[in-house]
Amino acid sequence: NADDYYGKVGFVKASEYLEKNDYGMVGYILKNTLSDNGGVSRGVCTVENGELKSVDETHNIVKTETGAESEGRSINPECLVSMNFWCLPAEFMNVVREGLPEFLQHLKNPLKDEYLLPTVVDGLIKSGVKCTVLTSGDRWFGVTYKEDKPSVVESFKDLYEKGVYKSPLYSDLK
């Protein structure tokens, strides 16, 4: 996810939450995560009372005049989505390790198939694990398509001008 900018709010909330050593996810509003240049994959979330109930990895979500859609299905642009910003306890590595052989056994296309964190977490939720949703209203931006680069550069300029970050970037660290 090195080509993604998640905003400050998610990192602040995640750093505070990680002290709990529990399952959590920073959720983003879908309309704040879409590219102007093509479809994106997002984990569309069902959330009740701040708790993640399901996450459905959805591919090729595109902006429309009325919001967003994927493969002809309308998606509420205000819904929360996973951007793979997870707060996971160390024990989660055991879950991943145990599930990997099954994933590999059902591999259909070794060049394209992915062992997706949202799918693993969704399985845990279905088995009774609770996962707290930490909502961020920040706007994501990233270079999903080469055409995204100019808007990402402009977005960073805007953050510097608004004083969100100092220039040069690490000048305030000691």
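Guide: Let's start with Asp 122, which counts as buried because its relative accessibility is 12% (buried means under 20% relative accessible area, with a 1.4 Å probe and protein chains only). This is a predicted model, so local features need pLDDT of at least 70 and side-chain atom pairs 80 or more, while totals for chains, interfaces and linings use all residues. Residues are numbered from 1 along each chain as its sequence is written, and side-chain values use heavy atoms, without hydrogens or water.

Asp 122 sits in helix 3 (a DSSP run of H or I, at least four residues, numbered from the N terminus). Setting aside neighbours within four places in sequence, Asp 122 has contacts with Lys 53, Ser 54 and Val 55 (heavy atoms within 4.5 Å).

Helix 3 (117–126) also brings us to the second largest pocket: along with helix 2 (92–105), it gives two or more residues to the lining. A pocket is an open set of points on a 1 Å grid over the protein atoms alone, with protein on both sides within 12 Å along at least five of seven lines; lining residues have an atom within 4 Å of a point. Among those lining this pocket are Phe 103, His 106, Tyr 115, Thr 119 and Gly 123. Helix 2 contributes the most, with four residues. The lining has five nonpolar, four polar and three charged residues; Asp, Glu, Lys and Arg count as charged, and Gly as polar. The pocket's volume is about 250 Å³, the space filled by probe spheres set on the points.

Notes. 1 Å grid on protein atoms, 1.4 Å probe; cavity = no way out; pocket = protein on both sides within 12 Å on 5 of 7 lines; lining within 4 Å. Buried < 20%, exposed > 50% of the residue type's maximum accessible area, 1.4 Å probe, protein only.
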